[in-house]
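These are my notebook entries on a structure that I looked up. I kept each entry brief.

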Amino acid sequence: MGVSAPTQPRRGPAGAAIVRVEPITTARALCGPFDYRLGEELRGEVERGSMLVVPFGRRQILGVVTGLAERSDVPSEKLLEPVRALELGVPAELIALAEWVAAEYCSTFARALGLVLPPGAARRLSGRRRRRSAEPRHRTVGATASEPPTLSADQRQALVPILAALAEPGAQQLLLRGVTGSGKTEVYLRATESALASGRSAIVMVPEIALTPQIVTRFVARFGDTVAVLHSRLTAGQRYEQWRRLREGEARVCVGPRSAVFAPLGDLGLIVVDEEHDASYKQHEGDPRYDAREVAVRRAEQTGALLLAGSATPRPESVRRMRAVELPRRVDGRPLPSVSVLDMRGLRPGLHPVTAEALARVRDEGGKAIVLLNRRGWSNFMSCRSCGRVWSCPECDVALVLHRAGGYLACHHCGHRERTPASCPDCGSTSVARHGAGTERLAHDLAEILDDGGFPVFRLDADVLDGGQEAEHGTVLASFEAAASGVLIGTQMVAKGHDFPDVTLGVVLDADATLRFPDFRAEERTFALIAQLAGRAGRGAEGRVLVQTIAPEARAIRYAARHDSRGFLEAELQRREALAYPPYGHLVRIVMGAETGEPARAAALDVRQGTLDRLAEVDPTGSGATAVLGPAPLFRLRGRERQVLVVKTTRRAEAVAAVGRAVAATAADRTHAGVSFSVDVDPQ
Ligand code: ADP
Ligand code: ZN
Ligand code: ZN
């Protein structure tokens, strides 16, 4: 059995004789790994992460080496040899990371591998190298770029433990807790500079490139061509080119959204997670539903890199586990803006008189304001005035949202669209009521109220340029920045890390909207949203923030109004501990979907029982470390009835493994054909 060790290695030391290869394909039947025998010329040349072209049936396919071995269980005469190796493979470290992601998020190795492979890997069977770009261009630093500023005393002090951690590689985590406008980006830049100076590389994760162009600009200005930027507007070819530059060491800094955590950089010294509270770091759809912040922690541990997370509103999870470094003041010494909570109880929805007056004053003084309303479209739902019909999605149990300019109603859950009706299809009435207001309506109303020609209204939400092209988002932000004065209206997008020194007024409308979500993170989110929006105001001149709400006593709103992140987190951590919510416990959410309700429920009951059985195997005493809640129905989505189970546990790995096995067994059971399963560990 197996192949004996090579007798005459031609190059280098004798390598292993067998490689385990995972085919890169979406075909489920091709789930590997498969063993291949290395010919003389590939021995010692192939390692974990190498990419090989291998014979497979009558075809040749691309595969990645996930392991090497001296022998195989397959009789040697049946083993085939790879055709050839591609010049560039994946760093072995990322194969290990993919293994971890698969286990941690209840996914499969093949799916997790998809995250770390070169972009477009499956289509690159030819393996031909793209033409390299010419000589690396020279650094753009100089006259296009500003000199690094002199550090403030706070920044200098914050950098002491950061630089010390970088000088002593070994897994370390630091949380840069800096109020909005405290100059966190400059601290990241100096940390990156230090990593580069010691011959190491850096990953800088940002929430969404299109919404945070300023930090990208600052990194490129400081480090020039050694920065590779990943963003969703890149073509497949450009994406591969960035990957290649990182893999070959031409680029040593990778700036990008959550996928940047898988950048193929060697000698990693630093991983920055900017605005670490941002929900976009969690993959919400598909499989695996990884949390890039957790993957970053893991990768830092694997490589000895420093993990530096930063935020003005850090997550309870991070506060609890990381050593904090503080930037307690704004860079220019300006105070944080004053925040007034405006009680909307008993008032007509819309602008509070104080808000209307403050906006008019900003207009009269030629200043700038930002208004946040976390709801897009014209109105939330429409009903017929004579028969009461509510327009709802044919595929989901939710109301359709009116988009007036586009002339359509849309489902914000599945994307279904239909033309705005001229009359009620049930009774023929042409009298239709529109309820609630979203950003489209607000932008329209404000343009009317404030209109005097010279005070433009800019809108930023996912509907900008239908479908939300990122280019367009960047354009809106750039236009607002360039304008002499004006108001920017939008969803949570307007509260991201923007640095516009001339914004003096920030307004949050319907601040309690996010509190009404039945989710244990609702308070954390509301607090962060208000505090972050407040952080956009008063960066260059004195600022003021108005928060309209019908829940002025809500904890999240009271603490945000006082800029009291510490107080909020203290109370929030106590609450979480009492309820065994993260970070004191973990949740796993399993959703079963089917065309009708009954099969989904039957499958959910089986998954529930299967999970309990497997937990009992590992813990016969039933210590109560894990509870399985449900099944409970969820609203119909994309034509599928759904049932949800929630597993609440203090023994995460055990529970994830039990859920994984129970779901796999239930999914394989033919009784449940037609049921879909999705597992979300630490759902957001
Ligand atoms: P944060 O991310 O903490 O909200 P930023 O990194 O956006 O803050 O910095 C706020 C502003 O302060 C930016 O315009 C930045 O250029 C400026 N800034 C940062 N550090 C300094 C410094 N040491 N001296 C002068 N200006 C600085
Ligand atoms: Zn009707
Ligand atoms: Zn829908």
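**Entry: Asp426 and its partner**

I looked up Asp426 and found that this residue is exposed because its relative accessible area is 55%. Here exposed means over 50% relative accessible area, buried means under 20%, and partly exposed lies in between (1.4 Å probe, protein chains only). Arg389 forms a salt bridge with Asp426, and their closest N and O atoms are 3.1 Å apart. I noted that this pair links distant parts of the chain, 37 residues apart: Arg389 is in the loop between β15 and β16 (401-403), and Asp426 is in the loop between β18 (417-419) and β19 (432-435). Strands are DSSP runs of E with at least two residues, helices are runs of H or I with at least four, and both are numbered from the N terminus. Arg389 counts as partly exposed, at 23% relative accessibility. A salt bridge is a side-chain nitrogen of Lys or Arg within 4 Å of a carboxyl oxygen of Asp or Glu.

**Entry: basis of the values**

The model is predicted: local features need pLDDT of at least 70 and side-chain atom pairs count only at pLDDT 80 or more, while totals for chains, interfaces and linings use all residues. Residues are numbered from 1 along each chain as its sequence is written, chains are lettered from A and ligands numbered from 1 in the order in which they are written, and side-chain values use heavy atoms, with hydrogens and water left out.

**Entry: other salt bridges**

How many salt bridges does a search of the whole structure find? The search finds 48. I looked up the pair Arg376 and Asp463, whose closest N and O atoms are 2.6 Å apart. This pair also links distant parts of the chain, with Arg376 in the loop between β14 (368-372) and β15 (381-384), and Asp463 in the loop between β20 (457-460) and α11 (465-468), 87 residues apart. Arg376 is partly exposed at 23% relative accessibility, whereas Asp463 is buried at 11%. I also recorded a network of salt bridges that links Glu523, Glu524, Arg555, Glu572, Arg575 and Arg576.

**Entry: zinc ion (ligand 2)**

Which residues coordinate the zinc ion (ligand 2)? I found Cys384, Cys387, Cys424 and Cys427, each through SG, at 2.3 to 2.4 Å. Donors are N, O and S atoms within 2.8 Å of the metal (3.2 Å for Na, K and Ca); water is not among the atoms, so sites may look incomplete. The donor residues are spaced C-x2-C-x36-C-x2-C in sequence. The arrangement is tetrahedral because the four donor atoms subtend angles of 100 to 114°; four donors count as tetrahedral if all angles lie between 85 and 135 degrees. Cys424 is buried at 3% relative accessible area, but Cys427 is partly exposed at 37%.

**Entry: ligand 1**

I found that 17 residues surround ligand 1, the closest being Thr150, Gln155, Gly181, Thr185 and Asp499; a residue is counted if one of its heavy atoms lies within 4 Å. A polar side-chain atom of Lys184 lies 2.9 Å from an oxygen atom of ligand 1.

Key. A polar contact is a pair of N or O atoms within 3.5 Å; within protein, one must be able to donate a hydrogen and the other to accept it, and residues adjacent in sequence count only if both atoms are side-chain atoms. Four donors count as tetrahedral if all angles lie between 85 and 135 degrees; four count as square planar and six as octahedral if opposite donors are over 155 degrees apart and all others between 65 and 115; anything else is irregular.
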